[in-house]
Amino acid sequence: MERFVRSRRAALQEHVQHRQEVHVVLGNESCDLDSMVSALALAYYLAKTSLESKAVFVPVLNIPRSEFPLRTESAFLLQEQQIPDSCLIFRDEIDLHALHRAGLLSLTLVDHHILPSGDAALEEAVIEVIDHRPLEREPRCRVTAELVGSCATLVTERIVQGPAELLDRQTAALLRGTIILDCVNMTPEAGKVTPKDTQYVALLESKFPDLPARSVLFEALQTAKFDVSGLTTDQMLRKDLKVLSSDGLVLAISAVYVTLEAFLQRPGLQQDLCAFCQRHGYGGLVAMTISFNERNEPFRQLAVYSQHPAVRTAVCGVLERANNPPLDLSPLGSLYPNICAYHQGNTVASRKKVLPILKDFLRERGITAGPMHPADTGSCGTTRPEPKDSSAGCGESGENPEDSDVAGEAGAPEYEPRGRRDPARCPRHGDALLEDDAPLPPTPMNSLVDECPLDRGLPKLSAEAIFEKFSHITVVRPSASGSPEKK
Ligand SMILES: Nc1ncnc2c1ncn2[C@@H]1O[C@H](COP(=O)(O)OP(=O)(O)OP(=O)(O)OP(=O)(O)O)[C@@H](O)[C@H]1O
Ligand SMILES: [Mn+2]
Ligand SMILES: [Mn+2]
């Protein structure tokens, strides 16, 4: 495996020079350990077994190289296997769109099957998908999709069908480490592991009995994954990030590896979130935290940030009302006007379960929001107190509890469950939002692209129009009799 990884850059350059086919194996945009190892191992397998093909097989990590240090568990496992990350090829080191335009690109997607809208043009280059998520659409290409704990399990299954000598110790160690981390050390109560994951971890161990003990490896990987020491808020949010967009409204969903208390008490948090959203063009952010209590049991919390009340209210409403699966959100106080905080009672509902809820919401609610004009997002540096129903500016008022309308205590933002909440900021349980607009036409089947391609044919709306649309949203509160009454 190491020799293969080391040879990729030169092999790629030679093929591009001679205009020969390049077969890229691409992980997902959060580029977690599962995506990296699945791409490395499958590219290695394809290179060794596709002897009739003239293509060069290249694993590509779907993040810029500069982001790799944030993938602490991946850096740890590569280092442990003496594979230098300098040999890896990152998304900013290969021009997939140019290769595609030149007719040289074949693409295999691992650990995902829906391309972000920015990669929609690459959809026709996709010849295979291997993923462990529920298929949102039936791709036209070869598909291996199974709801196992780790995509690396499906890659292992593919590799062991090939020549036995192909599975070397390094490859086995990378795959096994990934499956053990994704399946939380194969513990059933974590809700990840399936019989197939267990089967292939055992098979890898039977071939290489001297691999480190599972619990030692899991603890080392878990510690590396949760090491956020020294990271800025922006880095913490980018460390494990996915992005959803629906024709102009872009939502970031970050897995955050600290408690919500610790996160909300970071100095200057609201300004940092504002700057994060502005820097990357996000209309809002959902931060999903996972932490562990003294009995090492996981608990989850969730925060919704947007400086646009309409976006915040809509996203909070759909997450509070979710029923597939229910998230069992109980509101917590947040002294920041633009942040709604929750305890999440459903401890197995990870981002994999939340993304489809938000995707459906963006698609069904017909939020054909045009790009948020910069003018609407103000600047994060302003010191003027933020108007209560602000849709502009990242004022510092959120920092200073006296300014916010749910403040009580002075001093550093505290974090404690609080009853009184401003419905204009965060809807109460049971609020429903009815959009009186006709929903978007259904996404054409077989599309591998994140949003409905028809979106691009729809009228672009200005930010003003977005809020105009949102202001028509009718909030339906179930009346005492249970029948919805319009407010
Ligand atoms: N029960 C658990 N016990 C100990 N550690 C756990 C337990 N559940 C999860 N982890 C650790 O937290 C990391 C994040 O897990 P997750 O929030 O469930 O999400 P995921 O990374 O497994 O999958 P996603 O739902 O985020 O899908 P992707 O978008 O990432 O594909 C785990 O890695 C584990 O260390
Ligand atoms: Mn995965
Ligand atoms: Mn994850």
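1. Contacts across the sequence. In this predicted model, take the contacts between residues at least 6 apart in sequence: 69% of them join residues at least 24 apart. The chain holds 15 helices and 14 strands. Of its 487 residues, 58% count as buried. The accessible surface of the chain comes to about 19,800 Å², and carbon and sulfur atoms account for 54% of that.

2. Confidence. On the overall scores, the model gets ipTM 0.96 and pTM 0.80. The average pLDDT of the chain is 82, with 75% of the residues scoring at least 70. Two stretches deserve a flag before you use the coordinates. Residues 381-393 stay under 50 in pLDDT, and the model gives them 34 contacts beyond four places in sequence. Residues 396-421 are also below 50, with 72 contacts in the model beyond near neighbours in sequence.

3. The largest nonpolar core. Which residues touch the most other members here? They are M1, V5, M36, L42, L78, L88 and L175, out of 53 residues in this core. The biggest contributor is α2, which gives eleven residues. As general background, nonpolar side chains in soluble globular proteins tend to be buried together.

4. A look at L42. Leaving out residues up to four places away in sequence, L42 touches V25, T108, V110, I130, V155 and R158.

5. The other core. There is also a second, separate core, made up of 30 residues. Among them are F263, F276, A303 and I339.

6. Around ligand 1. R133 comes in through its side chain, with an N or O atom 2.9 Å from a ligand oxygen. R351 also uses its side chain, placing a polar atom 3.1 Å from an oxygen atom of ligand 1.

7. How covered is the ligand? On its own, ligand 1 has 660 Å² of accessible area, and the protein covers 93% of it.

Conventions:
Residues are numbered from 1 along each chain as its sequence is written. Chains are lettered from A and ligands numbered from 1 in the order in which they are written. This is a predicted model: local features need pLDDT of at least 70, side-chain atom pairs count only at pLDDT 80 or more; totals for chains, interfaces and linings use all residues. Side-chain values use heavy atoms; hydrogens and water are left out. pLDDT is the predictor's confidence in each residue, from 0 to 100. Contact means heavy atoms within 4.5 Å. A nonpolar core is a set of buried Ala, Val, Leu, Ile, Met, Phe, Trp, Tyr and Cys residues joined through side-chain atoms within 4.5 Å. Buried means under 20% relative accessible area, exposed over 50%, partly exposed in between (1.4 Å probe, protein chains only). Helices (H or I, at least four residues) and strands (E, at least two) are DSSP runs, numbered from the N terminus. A polar contact is a pair of N or O atoms within 3.5 Å; within protein, one must be able to donate a hydrogen and the other to accept it, and residues adjacent in sequence count only if both atoms are side-chain atoms. Accessible areas come from the Shrake-Rupley method with a 1.4 Å probe; for residues, only the protein chains shown count as cover.
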